[in-house]
Amino acid sequence: MLKPLLAGVACAALLAACSQESSPEPVDKAQDAISAPVGQVSAATVGANTVAGYVPAAAMGDMYEIRASDIALQRSQNADVKALATMIKTDHTAASNAFKAMLPQAAPDATVPTALDQRRQGLIDNLSSAAPANFDMAWLDQQIAAHNEALTLHRGFADQDSPLSAHARSVVPKIEAHLREAERLKAAM
């Protein structure tokens, strides 16, 4: 029931965006908006329930956050956005390194992705092509969605019977802090 609903919402949003001006930004904004519920469903169903789902989802989330923060550090002219991007990059780099160090013992058969999936690469591409005047809002919107997805993933996995559940619990406070700051910055714009 949920997949057809999400597909219908996605199609309607893309068609509406495509029928607007020739700039790619309305389409990019629609793609970003569609990514949020898709990510939430994936995090809640697959990632939060199995090691095989959690490992790539957690690694991919960190990878996306680091790349998106690098883009914000290059493109944003807003000191507060740059400060948040620095915090996110630092925290997700540390989380990623700690996570990868745990995997040989905690999940020796798990495969860590080395590249972003199509959905997250699309988000990165949209950030890279955002008009300078729209960049900060596009980045903040993506950060709010990504951090909500990460909270769903890590909170859901925190109660699993796995050595990795300690990692899930340990990253939640920083993800919550990133989300609060992104929401605060967006409200101030």
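Student: How many aromatic pairs does the structure hold?

Tutor: The structure holds two aromatic pairs. Keep in mind that this is a predicted model.

Student: Why is the pair of Tyr54 and Phe99 called edge-to-face?

Tutor: Start with the distance. The ring centres of Tyr54 and Phe99 are 5.8 Å apart. The cut-off for a pair is within 6.5 Å. Now the angle: the planes stand at 85°. Over 60 degrees counts as edge-to-face. So the pair is edge-to-face.

Student: What makes this a link between distant parts of the chain?

Tutor: Look at the helices. Tyr54 is in helix α3 and Phe99 is in helix α4. The two residues are 45 residues apart.

Student: What makes the pair of Tyr54 and Phe157 stacked?

Tutor: Use the angle again. The planes of Tyr54 and Phe157 have 5° between them. Under 30 degrees counts as stacked. The centres are 4.0 Å apart, and the limit for pairing is 6.5 Å.

Student: Which parts does the pair of Tyr54 and Phe157 tie together?

Tutor: Tyr54 lies in helix α3 and Phe157 in helix α6, so the pair joins parts 103 residues apart in sequence. Together, Tyr54, Phe99 and Phe157 form one aromatic cluster.

Student: Why do Tyr54 and Phe157 count as buried?

Tutor: Buried means under 20% relative accessible area. Tyr54 has 0%, so Tyr54 is buried. Phe157 has 1%, so Phe157 is buried too. Phe99 is also buried.

Student: Is Ser76 buried or exposed, and how do you know?

Tutor: Its relative accessible area is 0%. The cut-off for buried is under 20%. Therefore Ser76 is buried.

Student: Where is Ser76, and what does its side chain reach?

Tutor: Ser76 sits in the loop between α3 (51–75) and α4 (79–106). Its side chain reaches the backbone nitrogen of Asn78 at 3.0 Å. A polar contact needs N or O atoms within 3.5 Å. Leaving aside neighbours within four places in sequence, Ser76 is in contact with residues including Phe135 and Asp136.

Student: Which residues have the most contacts inside the largest nonpolar core?

Tutor: They are Tyr64, Leu84, Leu127, Phe135, Trp139 and Leu140, in a core of 30 residues. The helices α3, α4, α5 (118–129), α6 (135–157) and α7 (165–188) each supply at least two residues of this core.

Student: Which helix gives the most to this core?

Tutor: Helix α6 does, with eight residues. Apart from this core lies another, of 13 residues, among them Val55, Leu103, Leu153 and Ala168.

Note on methods
Residues numbered from 1 in each chain as written. Predicted model: local features only at pLDDT ≥ 70, side-chain atom pairs only at ≥ 80, totals over all residues. Heavy atoms only, no water. Helix = DSSP H or I, 4+ residues; strand = E, 2+ residues; numbered from the N terminus. Buried < 20%, exposed > 50% of the residue type's maximum accessible area, 1.4 Å probe, protein only. Contact = heavy atoms within 4.5 Å. Polar contact = N/O pair within 3.5 Å; in protein donor to acceptor, adjacent residues only side chain to side chain. Core = buried A, V, L, I, M, F, W, Y, C linked by side-chain atoms within 4.5 Å. Phe/Tyr/Trp six-rings, centres within 6.5 Å; stacked < 30°, edge-to-face > 60°.
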